[in-house]
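Subject: Two-chain model, handover and findings

Hello,

Here is the model I promised. Please open it alongside this note; my findings follow below.

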Amino acid sequence: MCGLCGVLMSEHWAEEGTGRRARGFRVVLLNRVLAHYGLTLSDWAGSVYTLRDAKGRSAVVTEIGSLWSEAEKLAGRPLDPLDPALLAALG
Amino acid sequence: MGKTPVTLVTGFLGSGKTTLIARLLAHPDMGATAVIVNELGEVGIDHHLLRRVDERTVLLASGCVCCTLRGDLADELRDLDNRRARGEIPAFERVVVETTGLADPAPIVYTLAAEPVVRHHYVLDGIVATVDARAGLVEPESVKQVAVADVVVVTKVDVAEADGIGTAVRGLNPAAEIVEAVFGDIEPSRLFSRPERDLRELKFEERPHTEIQPFCLIFDEQLDWTAFGIWLTMLLQARGADLLRVKGLLDVGGEGPLLLNGVQHVVHPPEHLDAWPDDDHRSRLVFVGRNLEREAVARSLLAFNAASL
């Protein structure tokens with residue numbers, strides 16, 4: 001449980017055993033992907049992520065596993081890592 | 001006390017699951033085993049066929065454990081653990097869950113991985129799928145069960161040739177171990193607590209005109225673990241229903257490789273191995289996917305990895 005906000009924390013396999021520095025790098029990389037969909041992500045106190053779209057709508061996510069479904073809702077379309085347009089944007 | 005290993009025994013109707021488990025339970029090494037049997041009918045029969053009715057044998061009847069009874073499975077696992085801790089039942093060191101013939105193993109794996117108390121006390125040891133050598137791999141449920149299995153037991157090889165079915169299983173899931181059985185006669189060590197298979201030994205053959213295709217990706221470059229985690233979680237959200245199985249040995253920059261193992265949406269906590277088995281330190285990933293293109297998956301992973309540089 002996060003002492004500040006009461007969010008029940010769960011360790012996701014992709015986030016296990018990694019420290020604050022790795023978490024910061026993860027946010028940087030995630031933003032490179034999410035930018036293609038007009039979304040931005042910020043870390044809140046190292047405990048949760050806040051996802052925002054250009055219209056100012058936001059969602060709080062606790063771990064990377066639930067990030068993508070929230071991002072799909074805000075983007076209003078599926079987010080597919082195999083999409084050539086996304087890969088071109090990453091390149 | 002460590003986590004108790006759980007083995008799922010799945011397989012189509014009449015493919016020999018109960019015979020296999022009954023035989024295994026009679027083995028001296030299998031005494032400390034709790035069994036959860038799931039049947040669709042109103043009146044359970046299979047648990048009687050196991051010929052061991054004690055407090056460690058639990059029947060989940062009138063529903064399927066992969067859909068309506070998933071909560072019941074979690075309840076039973078918690079209850080077994082509590083009763084063991086209180087000394088109310090004989091101690092057990094292993095749990096075998098026999099699914100119905102129509103079950104999809106993936107949601108059961110999800111229950112084991114996601115339910116907080118269950119995941120604290122239990123760990124998935126593996127998925128064993130039985131296939132009747134006579135009936136073959138025809139039913140879609142059976143195909144799915146074999147596609148996600150760690151071990152495939154080809155049964156009834158006394159009355160039918162196993163060669164054809166072995167080829168079909170290898171084509172569908174090259175990472176699975178295949179063992180043949182007559183009346184469930186198998187050494188437990190071939191099914192339980194097995195060492196990981198060396199993914200380099202696997203052979204992949206093109207399966208024309210089939211939705212489910214296994215493939216292997218090999219990467220010369222080191223993979224960034226953060227980028228990999230982002231990529232795979234995004235892929236699982238987008239294509240999880242079609243990504244039946246993923247296994248990998250990854251070079252993420254440590255002394256040894258990182259072992260990855262996933263069943264559909266569920267990825268088990270990755271394990272860092274102390275050392276590589278030999279001088280070949282290239283990452284390798286095995287996928288069993290439905291309508292997934294090998295080149296598209298490889299291109300995507302490399303693009304995510306390059307974005308981390």
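How many bridges join β1(A) to β2(A), and in which sense do the two run? Six bridges join them, and the strands run antiparallel.

First, the ground rules. This is a predicted model: local features need pLDDT of at least 70, side-chain atom pairs count only at pLDDT 80 or more, and totals for chains, interfaces and linings use all residues. Residues are numbered from 1 along each chain as its sequence is written, while chains are lettered from A and ligands numbered from 1 in the order in which they are written.

**The sheet in chain A**

Helices (H or I, at least four residues) and strands (E, at least two) are DSSP runs, numbered from the N terminus. Strands pair if DSSP finds at least two bridges between them. Three strands of chain A form an open, antiparallel sheet in the order β1-β2-β3. The edges are β1 (39-44) and β3 (58-61) of chain A; each has a single partner strand, so one side of each is left without a neighbour in the sheet. On average, neighbouring strands are turned by 25° against each other, direction ignored.

β1(A) and β2(A) form a hairpin with three residues between them. In its turn, Ala45(A) has a positive phi of about 60°. Strand β2 (residues 48-53) of chain A pairs with β3(A) over four bridges, again in the antiparallel sense.

Helix α2 (residues 64-75) of chain A lies across β1, β2 and β3 of chain A. Its angle to β2(A) is about 15°. For all such angles, axes are lines fitted to C-alpha atoms (for helices over the stretch in contact), and values run from 0 to 180 degrees between N-to-C directions.

**Where the chains meet**

Residues are in contact if their C-beta atoms, placed from the backbone, lie within 7 Å. The contact takes 22 residues from chain A and 21 residues from chain B. On the side of chain A that touches chain B, α1 (20-34), α2 and α3 (84-90) of chain A each supply at least two residues. α1(A) gives the most, with seven residues. By class, that side of chain A has 15 nonpolar, three polar and four charged residues. Here Ala, Val, Leu, Ile, Met, Phe, Trp, Tyr, Cys and Pro count as nonpolar, Asp, Glu, Lys and Arg as charged, and the others, Gly among them, as polar.

One helix pair spans the two chains. α1(A) and α8(B) pack at an angle of about 50°, with their axes 10 Å apart. They are therefore oblique to each other. (Angles under 35 degrees count as roughly parallel, over 145 as roughly antiparallel, 65 to 115 as roughly perpendicular and the rest as oblique.) α1(A) passes α8(B) in a right-handed crossing, where the near helix is turned clockwise from the far one by less than a right angle. Ala22(A), Phe25(A), Arg26(A), Leu29(A), Leu30(A) and Val33(A) in α1(A) meet Thr226(B), Ala227(B) and Ile230(B) in α8(B). That contact has seven nonpolar, one polar and one charged residues.

**Inside chain B**

Chain B is divided into domain 1 (4-190) and domain 2 (206-307), with bounds from an automatic or database domain assignment. In chain B, 13 residues of domain 1 are in contact with 13 residues of domain 2. On the domain 1 side, α4 (105-114), α6 (140-147) and α7 (163-172) of chain B each supply at least two residues. The largest share, four residues, comes from α4(B). That side divides into 11 nonpolar, two polar and no charged residues.

α4(B) also packs against helix α3 (residues 70-85) of chain B, at about 45° and with axes 10 Å apart. That makes α3(B) oblique to α4(B). The crossing is right-handed. Arg70(B), Leu73(B) and Ala74(B) in α3(B) meet Pro107(B), Ile108(B) and Thr111(B) in α4(B).

Helix α8 (residues 225-239) of chain B packs with helix α9 (residues 294-307) of chain B at about 140°, their axes 8 Å apart. α8(B) and α9(B) are therefore oblique to each other, and their crossing is right-handed. From α8(B), the contact uses Ala227(B), Ile230(B) and Trp231(B). Ala227(B) and Ile230(B) are also among the residues of α8(B) that meet α1(A).

Best wishes

Terms used. Two residues are in contact if their C-beta atoms, placed from the backbone, lie within 7 Å.
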